[in-house]
Amino acid sequence: MTAGAHPGGAAVQPAHPRWLAAAPVVFVVLWSSGFVGAKLGLPHAEPLTFLALRFALVVSIMLPVALFMRAPWPTRPADAGHIAAAGLLVQAGYLSGVFCAIHQ
């Protein structure tokens with residue numbers, strides 16, 4: 001018998017935590033609130049300073065969450081490099097442009 005197979009032949013679906021169903025909604029709320037936060041915070045700080053503070057706050061929150069949840073980390077340096085490149089392009093490239101545009 002293969003892993004995940006039921007003796008009757010039907011595959012058994014793994015159980016998912018209930019909070020996982022709310023993840024898309026939470027993501028959209030958090031993502032969209034970033035633009036509201038930018039509009040409210042940018043009159044008081046330069047765009048890249050505000051973005052750096054935002055990143056520092058997110059890391060201080062999400063790193064403990066990731067460690068607590070035992071999130072998988074990349075095992076190969078190439079994978080870590082690809083993740084870092086994508087993160088830099090999206091976060092530093094895209095968001096710095098958006099924050100500078102909102103500031104203007």
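In this predicted model, helix α1, which spans residues 19–41, packs against α3 at an angle of about 40 degrees, with the two axes 9 Å apart. That angle makes α1 oblique to α3, since angles under 35 degrees would count as roughly parallel, and the crossing of the two helices is right-handed. On the α1 side the contact is formed by W31, G34, F35, A38 and K39, which meet Y94, V98, F99 and I102 of α3. Sorted by class, the contact of α1 with α3 has seven nonpolar residues, one polar residue and one charged residue.

Helix α3, residues 77–103, is also approached by helix α2, residues 47–68, and here the axes come within 9 Å and cross at roughly 130 degrees. The helices α2 and α3 are therefore oblique to each other, and α2 passes α3 in a right-handed crossing. The residues that meet are P47, L48, F50, L51, R54 and F55 from α2, and Q91, L95, S96, F99, C100 and H103 from α3. By class, this contact of α2 with α3 comprises eight nonpolar, three polar and one charged residues.

One of the α3 residues in that contact, S96, can be followed in more detail. S96 counts as buried because its relative accessibility is 17%, and the cut-off for a buried residue is under 20%. Within α3, the side chain of S96 reaches the backbone oxygen of A92 at 2.2 Å. Leaving aside residues up to four places away in sequence, S96 touches L48, L51 and Q91; of these, L48 and L51 belong to α2, whereas Q91 lies in α3.

Methods:
Residues are numbered from 1 along each chain as its sequence is written. This is a predicted model: local features need pLDDT of at least 70, side-chain atom pairs count only at pLDDT 80 or more; totals for chains, interfaces and linings use all residues. Side-chain values use heavy atoms; hydrogens and water are left out. Axes are lines fitted to C-alpha atoms, for helices over the stretch in contact, and angles run from 0 to 180 degrees between N-to-C directions. Helices (H or I, at least four residues) and strands (E, at least two) are DSSP runs, numbered from the N terminus. Angles under 35 degrees count as roughly parallel, over 145 as roughly antiparallel, 65 to 115 as roughly perpendicular and the rest as oblique. A crossing is left-handed if the near helix is turned anticlockwise from the far one by less than a right angle, and right-handed if clockwise. Contact means heavy atoms within 4.5 Å. Ala, Val, Leu, Ile, Met, Phe, Trp, Tyr, Cys and Pro count as nonpolar, Asp, Glu, Lys and Arg as charged, and the others, Gly among them, as polar. Buried means under 20% relative accessible area, exposed over 50%, partly exposed in between (1.4 Å probe, protein chains only). A polar contact is a pair of N or O atoms within 3.5 Å; within protein, one must be able to donate a hydrogen and the other to accept it, and residues adjacent in sequence count only if both atoms are side-chain atoms.
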